[in-house]
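Please open the structure in your viewer and keep the selection tool at hand.

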Amino acid sequence: MPNFSTSIKNLHFDFPVFNASGILGATEGEIKRVLESDAGAVVIKSVTLEKRPGNSGIRFYWEDIGSINSMGLPNQGVDYYCSLAERLTKYNKPVILSIAGFKKDDYKKLIVKADKVPFSAIEVNLSCPNIEGKGIFAYDFNTMFRLLNALRKKTKKTLGVKLPPYTQREQIKEVVANFRKIGIDFITTMNTFPLGTFIDWKKESMRINPNMGIGGLAGNAVKPIALSQVILFRYFSEGKLPVIAVGGISSAQDIYEFILAGASAVQIGTALLKKGTNIFTQLKRDLRGLLMEKKVKKLSDKVGRLKFLS
Ligand code: DHB
């Protein structure tokens with residue numbers, strides 16, 4: 001029987017496949033559903049200081065090629081999730097809290113609160129595309145590096161950063177160099193492609209309501225982009241900055257590709273929303289079959305083992 005386990009610092013994944021932030025991690029019931037499934041961990045939906053209803057109207061739409069969303073950070077507020085942390089330890093699976101702010105000070109307050117309770121790790125979301133009039137922090141390098149330096153000083157917990165897609169190799173190189181200096185423990189790449197849309201040609205209208213119908217693009221359409229982010233983060237960090245991959249993963253083959261690209265774990269977003277938590281059982285069964293067919297005994301032996309053509 002193949003061994004699936006991987007780890008990033010204190011995060012031990014018996015099966016390194018779990019939900020992407022924002023999918024099924026917003027209430028105690030949803031978080032428990034993920035933890036009680038075959039998922040190897042849970043990521044809690046990006047939390048803000050105050051409770052938020054999120055954007056109004058239709059906020060999510062999907063087709064086979066991919067999905068778009070403009071949720072607007074609906075969540076119960078950080079205190080709600082902090083009050084759950086102790087109860088969630090009984091599942092013995094990593095519980096990762098994603099935090100999101102509107103200004104730097106928000107992140108500092110959030111991290112102080114999250115540091116006090118037994119979450120396994122904190123994922124700093126610097127890539128939410130759906131806040132009207134606010135830029136994406138992770139595209140403003142000076143602000144991002146200064147902020148992360150300050151956050152790193154406030155917690156000894158495993159600290160990761162959720163990043164948006166970058167379009168140039170040099171950007172990834174610069175992010176890697178600075179994150180290594182700051183002491184970031186892992187990155188999660190990639191968040192949605194920030195500007196995506198679908199149109200209903202019959203109604204001659206957009207498919208979702210907020211932000212002119214334009215939101216974060218996810219699912220199958222972004223898989224090639226996500227793969228190249230993972231490969232380049234692995235390359236520029238020489239494997240020293242662990243990567244959690246997300247973006248268009250829906251099958252065991254997809255998981256295997258992202259592991260070869262350099263991911264230590266993967267998250268499932270759009271496909272989880274479409275299929276529910278049974279997808280983890282199916283992925284586990286299919287990945288077992290794939291590894292047995294390829295005679296791979298340990299999945300972790302394959303992290304970053306992609307062959308480049310000469
Ligand atoms: C939302 C979307 C994101 O991609 C993200 O990283 C955080 C929040 C949202 O619209 O709720």
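Does T277 count as buried or exposed? T277 counts as buried, because its relative accessibility is 17% and buried means under 20% relative accessible area, exposed over 50% and partly exposed in between, for a 1.4 Å probe and protein chains only.

Before continuing, note that this is a predicted model, in which local features need pLDDT of at least 70 and side-chain atom pairs count only at pLDDT 80 or more, while totals for chains, interfaces and linings use all residues. Residues are numbered from 1 along each chain as its sequence is written, and side-chain values use heavy atoms, with hydrogens and water left out.

**First stop: T277**

Select T277, which lies in the loop between α8 (270-275) and α9 (278-293). Helices (H or I, at least four residues) and strands (E, at least two) are DSSP runs, numbered from the N terminus. Now display the residues L24, R33, V34, S37 and L272: T277 is in contact with them, leaving aside its neighbours within four places in sequence. Contact means heavy atoms within 4.5 Å.

**Second stop: helices α1 and α2**

Select helix α1 (residues 28-36) together with helix α2 (residues 78-88); they pack at an angle of about 35°, with their axes 11 Å apart. Axes are lines fitted to C-alpha atoms, for helices over the stretch in contact, and angles run from 0 to 180 degrees between N-to-C directions. The crossing of α1 and α2 is right-handed. A crossing is right-handed if the near helix is turned clockwise from the far one by less than a right angle, and left-handed if anticlockwise. On α1, the contact is made by E28, I31, K32 and L35, and on α2 by Y80, Y81, L84, R87 and L88. These residues divide into six nonpolar, no polar and three charged. Here Ala, Val, Leu, Ile, Met, Phe, Trp, Tyr, Cys and Pro count as nonpolar, Asp, Glu, Lys and Arg as charged, and the others, Gly among them, as polar.

Select D106 in helix α3. D106 is buried, because its relative accessible area is 8%. Not counting residues up to four places away in sequence, D106 touches L49 and G101.

Next, turn to the aromatic rings. Rings of Phe, Tyr and Trp (its six-membered ring) pair if their centres lie within 6.5 Å; planes under 30 degrees apart count as stacked, over 60 as edge-to-face and the rest as tilted. By this rule there are 10 aromatic pairs. In one of them, Y107 and F137 are edge-to-face, at 5.5 Å centre to centre and 85° between the planes. Y107 belongs to helix α3 (residues 104-115), whereas F137 lies in the loop between β8 (121-125) and α4 (141-154), 30 residues apart. Both Y107 and F137 are buried.

Select Y139 and Y166, whose ring centres are 5.8 Å apart with planes at 80°, so the pair is edge-to-face. Y139 is in the loop between β8 and α4, and Y166 is in the loop between β9 (158-163) and α5 (169-182). Y139 counts as partly exposed, at 38% relative accessibility, while Y166 is buried, at 5%.

**Last stop: helices α4 and α5**

Select α4 and α5, which pack at an angle of about 20°, with axes 10 Å apart.
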